[in-house]
Amino acid sequence: MTTAASRRSDRRISPVFVGIVAVTAVTGWAAWTGFAAQPGIAVFLFVTAAWIVSLCLHEYAHARTALHSGDISIGAKGYLTLNPLKYTHALLSIVLPVIFVIMGGIGLPGGAVFIERQRIQGRWKHSLISAAGPLTNVLFAAVCTAPFWLHALDGVPRDFQYALAFLALLQVTAAILNFLPVPGLDGYGVIEPWLSHNIRRQVEPFAPFGLLAVFAILWIPSVNGVFFDAIDAILNGLGIDDIHRYCGLELYRFWQGGNEFCSVSP
């Protein structure tokens, strides 16, 4: 009886996650209806809460795929409850990504579910576990951009359009950065099972510094320009123009004051 109850609790959705979803829904409604006295605050809270939801789903996708691939220890670690406080490094998975969104408007890859890889047999399963997280970001981006590429924006309030555009930007950047074949990122996790043991052993010491190296490289102006040109091209292809992206970021950073251009843009 105790074991069965324990297993049910291992998979029960956490009240913490439910609370974050509730904040997303309420602030999304406020941004849609213009209920908030300052729309930027509603957009800030909506995008931030939705971003945290996507981070939780990203980690859940890793964990759920690992469970079905053979790591039955996942449930006991609390990863199936969608509770971000259960992650191995809540700071890396939640706090730092949110700070980077506020500072630079970029989707920082999180990552902190401990998977017992020795329980999993087969290279394809290992690759799929690593790919599951960023694929969640891809799916999230598809949902955010659907009104744009389906030309279904009639009746969607302007500020909510901007919020969706900025949220889509975060998801696209997170997916691309996560899929980079750099040690420590999910992209490397996809190809790692197919590398020789000697190569994996030589690369392993660099894994903790992979993400730092990526962001150091992105500080190089020429690299930064190429990266964001690629992001712009993807979002343009999905129907999100420069105005929506720019105004989404401006509205999100409400503490910088209003932008007259965005307040009159259609």
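In the predicted model, Val26, Trp29 and Phe35 form a nonpolar surface patch of about 370 Å², where patch members have over 30% relative accessible area and no salt bridge, nonpolar side chains being joined within 5 Å. Val26 lies in helix α2 (residues 15-33) and counts as exposed at 52% relative accessibility, exposed meaning over 50% and buried under 20% relative accessible area with a 1.4 Å probe. The model is a prediction in which local features need pLDDT of at least 70 and side-chain atom pairs count only at pLDDT 80 or more, whereas totals for chains, interfaces and linings use all residues. Residues are numbered from 1 along each chain, and side-chain values use heavy atoms, without hydrogens and water.

Helix α10 (residues 221-237) comprises 17 residues and spans 24 Å from its first C-alpha to its last, close to the 24 Å expected at 1.5 Å a residue. Phe227, Ile231 and Leu235 of α10 are buried; they cover an arc of only 70° around the axis, which places them on the same side of α10. Exposed residues on the other side of α10 are Pro221, Ser222, Val226, Asp229, Ala233 and Gly237. The buried residues of α10 pack against α6 (158-178), α9 (210-218) and α11 (242-252), and α10 is followed by Gly239, whose phi is positive, near 95°.

Ser130, located in helix α5 (residues 123-149), is buried, with a relative accessible area of 4%. When residues up to four places away in sequence are not counted, Ser130 touches His62, Arg117, Asp186, Gly189 and Val190, contact being defined as heavy atoms within 4.5 Å.

Terms used:
Helix = DSSP H or I, 4+ residues; strand = E, 2+ residues; numbered from the N terminus. Expected span 1.5 Å × (residues − 1). Arc of directions from axis to C-beta. Patch = residues over 30% accessible without salt bridge, like charges linked within 9 Å, V, L, I, M, F, W, Y side chains within 5 Å. Areas by Shrake-Rupley, 256 points an atom, 1.4 Å probe, with all protein chains shown as cover. Salt bridge = Lys/Arg side-chain N within 4 Å of Asp/Glu carboxyl O.
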